[in-house]
Amino acid sequence: SYQPCREFNVVVLGAGGVGKSCLTAQFVHNEWIESYDPTIEDSYRTQISVDGRQVVLEILDTAGTEQFVAMRDLYMKTGHGFMLVFSISSRTSFDELQTLRDDIIRIRDDEKIPIVIVGNKADLEDQRAVDRAKAFALSQRWDAPYYEASARTRTNVDEAFTDLCRQMLRRDDS
Ligand code: GDP
Ligand code: MG
């Protein structure tokens with residue numbers, strides 16, 4: 001049967017320097033760029049096929065530099081799915097995810113909003129500061145999938161975005 005192309009807003013959130021821009025660039029443009037202006041917030045439009053369905057994504061790569069709380073509230077209100085990113089080499093970046101999720105759920109008043117947790121920089125195993133088990137425990141508490149990814153080696157980048165798409169499609173179908 002014919003299924004119309006769906007369009008979703010995805011918001012990429014996380015502490016500065018965890019690799020949000022690098023992950024987004026790998027996903028959208030298939031390229032590794034070593035360095036981005038950390039203050040640049042931009043959105044990227046891309047189309048992918050998920051389980052035979054066409055999905056258009058508008059991905060907002062946030063930079064945490066909003067001048068007004070209202071702007072942050074706005075993208076939290078308009079996002080259909082959220083990618084919460086930390087770096088496996090930074091314990092504080094992991095701890096920051098809790099506040100982000102609390103804010104999303106408070107603004108949305110919805111415990112079932114599609115979320116995927118990404119532990120980026122998995123290539124830096126020798127600098128690991130967040131145990132896999134700790135991240136999995138969070139994943140279970142939130143009932144949100146966890147991916148260890150690397151923007152540098154392009155590991156689990158498509159998988160994490162695709163998982164979020166599946167959740168948004170499921171949400172949309174029901
Ligand atoms: P953002 O502030 O979250 O957007 O972070 P960026 O995407 O700008 O990345 C911050 C820094 O981390 C840059 O120096 C990147 O080269 C580096 N980086 C990003 N992703 C990875 C990764 O998967 N592995 C490693 N080793 N470095 C990364
Ligand atoms: Mg950035």
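## First stop: A25

Select A25: with 19 C-beta neighbours inside 10 Å, A25 counts as partly exposed. The cut-offs behind that word: a residue is buried if 20 or more other C-beta atoms lie within 10 Å of its own, exposed if 12 or fewer, and partly exposed in between, with C-beta atoms placed from the backbone. A25 sits in helix α1. Here helices (H or I, at least four residues) and strands (E, at least two) are DSSP runs, numbered from the N terminus.

Before going further, note that this is a predicted model, where local features need pLDDT of at least 70, side-chain atom pairs count only at pLDDT 80 or more, and totals for chains, interfaces and linings use all residues. Residues are numbered from 1 along each chain as its sequence is written, while chains are lettered from A and ligands numbered from 1 in the order in which they are written.

Now show the contacts of A25. Leaving aside neighbours within four places in sequence, A25 is in contact with E31 and I33; two residues are in contact if their C-beta atoms, placed from the backbone, lie within 7 Å. For a sense of scale, draw a C-alpha to C-alpha distance from A25 to M71: the two are 46 residues apart in sequence and 23 Å apart in space.

## Zoom out: the whole chain

Switch to cartoon. Along its principal axes, the C-alpha trace spans about 50 × 35 × 35 Å.

Colour by burial, and 39% of the 174 residues count as buried. As for contacts with a separation of 6 or more, 72% of those in the protein chain come from residues 24 or more positions apart.

## Ligand 1

Select ligand 1 and its surroundings. There are 19 residues in the shell, and the closest are G19, K20, S21, C22 and R152; a residue is near a molecule if its C-beta atom, placed from the backbone, lies within 6 Å of it. Which helix gives the most to this shell? Helix α1 (residues 20-29) does, with three residues.

Colour the shell by class and you get six nonpolar, eight polar and five charged residues. Ala, Val, Leu, Ile, Met, Phe, Trp, Tyr, Cys and Pro count as nonpolar, Asp, Glu, Lys and Arg as charged, and the others, Gly among them, as polar.

Axes are lines fitted to C-alpha atoms, for helices over the stretch in contact, and angles run from 0 to 180 degrees between N-to-C directions. Show side chains for L23, Q26 and F27 of α1, and V157, D158 and F161 of α5, which make the contact. By class, they divide into four nonpolar, one polar and one charged.

Next, pick helix α2 (residues 69-78) and helix α3 (residues 91-108). Their axes come within 9 Å and cross at roughly 75°. Here D73, M76 and K77 in α2 meet D103, I104, I107 and R108 in α3. This contact has three nonpolar, no polar and four charged residues.

While you're on α3, click R91, which is found in this helix. R91 touches A129 and V130, not counting residues up to four places away in sequence.

## Last stop: V118

Go to strand β5 and select V118. Is V118 buried or partly exposed? With 32 C-beta neighbours inside 10 Å, V118 counts as buried. Beyond residues up to four places away in sequence, V118 touches L23, M83, L84, V85, Y147, A149 and A160. Draw the C-alpha to C-alpha line to Y147: 29 residues apart in sequence, V118 and Y147 are 5.0 Å apart in space.
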